[in-house]
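Hello,

Here is the structure for you to look over. My notes follow below it.

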Amino acid sequence: MPDLAALQPPRLAHRPRILLLHGSLRERSYSRFLMQEAARLLETFGAETRFFDPSGLPLPDDADPGHPKVQELRNLSIWSEGQVWSSPERHGAMTGIMKAQIDWIPLEVGAVRPTQGKTLAVMQVSGGSQSFNAVNQMRVLGRWMRMLTIPNQSSVAKAYEQFDEAGRMQPSPYYDRLVDVMEELMKFTLLTRGVSDYLTSRYSERKEAAEKAAARVAQGAM
Ligand SMILES: Cc1cc2nc3c(=O)[nH]c(=O)nc-3n(C[C@H](O)[C@H](O)[C@H](O)COP(=O)(O)O)c2cc1C
């Protein structure tokens, strides 16, 4: 039976912690600009934001998990209560740079769950006309990482038209949509943070853990 008392989100004093990831190494990267614009909004709404620079991150399994970039990414993910993933669309898909970052984050390490039960907003930029391939894939990835992916999302078509020389987003319906998405992320994060253990607790896994514990006790008794 779900523990209804645990449904009350604790009132936490600290600002909501949001990690923002992006999937490009280009110097003038619109997915990074979009992510930075998102961070400005989140800070305005009262969040604390952090970025991860994917430059120098080894390909998955091409280095030891002790690699400093891998450790930095994992620690940021553990620190976060919510995340934003902003990927370009390349060949109709999220970039390998975006995917490689998620592939380095384990579902769980002992009792630590770097992504599970945390909120997620997905965003993409495209060079072509409106498309949702990358955000759709990131939704699947968010599910795999057991995250609470919010309903709204941002997809900026012809991204090269939407940012000025300094990398600031021009006023447009795309910008308004970004405000909507970040507002929604804040609401979902405030409602769910502090109860991620409760939200991600599964009957089948509790049952398996209880069976293993019983087997250990039985072995000890022999
Ligand atoms: C190899 C390659 C493939 C691309 N494939 C697509 C695509 O499938 N659909 C699309 O709309 N744009 C595509 N683009 C354009 C990128 O989405 C666009 O340049 C985007 O701004 C790149 O993100 P960034 O500015 O963050 O680096 C492609 C670009 C490259 C270099």
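Is strand S1 largely enclosed by the rest of the structure or largely exposed? Please keep in mind that this is a predicted model. Five of the six residues of S1 are buried, so the strand is largely enclosed.

Its pairing comes next. S1 (17-22) runs parallel to S2 (residues 48-51), and four bridges join the two. Arg17 has Glu48 of S2 as its bridge partner. S1 also pairs with S3, again in the parallel sense, over five bridges. Together, S1, H1 and S2 form a β-α-β unit, and it is right-handed.

Now the core. The largest nonpolar core contains 41 residues. Leu34, Ala38, Val84, Ala121 and Leu185 have the most contacts inside it. Elements that each supply at least two of its residues include S1, helix H1 (30-44), strand S3 (82-90) and helix H5 (173-192). H5 gives the largest share, seven residues. Take Ala38 as an example. Beyond its neighbours within four places in sequence, Ala38 is in contact with Leu20, Val84, Met123, Leu178 and Met182.

Best wishes

Key
Residues are numbered from 1 along each chain as its sequence is written. This is a predicted model: local features need pLDDT of at least 70, side-chain atom pairs count only at pLDDT 80 or more; totals for chains, interfaces and linings use all residues. A nonpolar core is a set of buried Ala, Val, Leu, Ile, Met, Phe, Trp, Tyr and Cys residues joined through C-beta atoms within 7 Å. A residue is buried if 20 or more other C-beta atoms lie within 10 Å of its own, exposed if 12 or fewer, and partly exposed in between; C-beta atoms are placed from the backbone. Two residues are in contact if their C-beta atoms, placed from the backbone, lie within 7 Å. Two strands pair if DSSP finds at least two bridges between them. A crossover is right-handed if, with the strands pointing away from the viewer, the path from the first strand over the helix to the second runs clockwise.
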